[in-house]
Amino acid sequence: MDTDEKVPILREGFLVKRGHIVHNWKARWFVLTPDKLLYYKYEGGKRDSCQRGKILLKDSVITCPFLEYENRPLVFKLQTKHGVDHFLEACSREGRDEWAGDITAAVNKLQATDGGTLIQKDPAESCLHNINLSKVLDSMYDVHSGMKLSNHVEQGSTYSNCFSGSAVVDWLVFSQLALTRVEAVTLASALLEEGFLRTVGLRSVEALRTAALSQQFIDDSTALYGFSDSLKKRGSVKSERSMSAVELSGKVIKRGYLLKQGHKRKNWKVRLFVLRSEPDFLHYYDPTKDDISPVGGFSLRGCLISSLDDNGVPSGVKGNIQGNLFKIITKSNTHYFIQAPTHQEKMDWIDAIREQT
């Protein structure tokens, strides 16, 4: 799975990320490059082509392990140079340490590259060092005094729930978060860079692609922006059945993020799968929930597991889902369709499960 630009990929895979505004957890596909960590939505069995956000690594600080989430011991924290905290959860202790190690190596390499060279600082950027971007964002969201969302038309297309670049600059200056319009543009560029704001429509997207770092945001009434990530509340997920303590008492053989097709709605969701032996069970958890109980699972005794053909959509699979699929049929004839992110991971899971059946 490649990024659109020809940039070296140092590591990629699923991590679960805590949201900035609503502190819920969502599985995202992360791609580590030499200077940034990109993340994408992963739906319909494939990575969404639209990037959800990016975290610039220069001058970032990693805390691993980060143990303040009692039910999430596999979290590490990445704090950017603007003081924004990103909380990321891996599927295993080894995975967490490998991700943190690779990110730390990338950060150290960026600092080594800067060594011995005089870096010209944008004078407007110095005003950002004491500003908490999360608090700026909270103020922008304020129902009474924050940014007003409305519909805008650009080149014949109507965009909803957005605002213009000049409206953001007006608001930052009016709210005394920036002294001048130049400072406000630098602050808005930092919000964009951290993934708190997103580009809407053609004008702002083009500016982001071509501009220098401090001019990513345009002070213009025709350039449109919006808040990142929808704030829709997630529906509650009911447990498919209660688990007995015995089922969960086995030795953990393998853990990892896989996609599973739902039994009723047939939609695909990222689940944390845990394979246990003695007794031999495969359980799956909803990584967006703090609940430490599985949402489903089954005994591997009498199960049939088979790799599905990568050519075309296999029978029983809904949607245009292809590649790295396998199927498990339980003793009670329940069919589970599962997709791994890579062919190697699919084969590793099939081998590990077969050893327990």
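Biologist: What should I know before reading the model?

Modeller: The model is predicted, so to speak of local features pLDDT of at least 70 is needed, side-chain atom pairs count only at pLDDT 80 or more, and totals for chains, interfaces and linings use all residues. Residues are numbered from 1 along each chain as its sequence is written, and side-chain values use heavy atoms, with hydrogens and water left out.

Biologist: How many helices and strands are in the chain?

Modeller: Helices (H or I, at least four residues) and strands (E, at least two) are DSSP runs numbered from the N terminus. The chain has six helices and 18 strands.

Biologist: At what angle do H3 and H4 cross?

Modeller: Axes are lines fitted to C-alpha atoms, for helices over the stretch in contact, and angles between N-to-C directions run from 0 to 180 degrees. The axes of H3 (residues 165-174) and H4 (residues 181-193) cross at roughly 110° and come within 9 Å. Angles of 65 to 115 degrees count as roughly perpendicular, and H3 and H4 are therefore roughly perpendicular to each other.

Biologist: Which residues make the contact?

Modeller: Contact means heavy atoms within 4.5 Å. H3 contributes Ser166, Val168, Val169, Asp170, Leu172 and Val173, and H4 contributes Arg181, Ala184, Val185, Leu187 and Ala188.

Biologist: Which residues of H2 are buried?

Modeller: Buried means under 20% relative accessible area (1.4 Å probe, protein chains only). In H2 (residues 133-141), these are Leu133, Val136, Leu137 and Met140. The arc is taken from the directions from helix axis to C-beta atoms; down the axis of H2, the buried residues fall within an arc of 100°, so they line one face of the helix. Their cover includes H3, H4, strand S10 (197-200) and strand S11 (224-227).

Methods: Angles under 35 degrees count as roughly parallel, over 145 as roughly antiparallel, 65 to 115 as roughly perpendicular and the rest as oblique. Buried means under 20% relative accessible area, exposed over 50%, partly exposed in between (1.4 Å probe, protein chains only).
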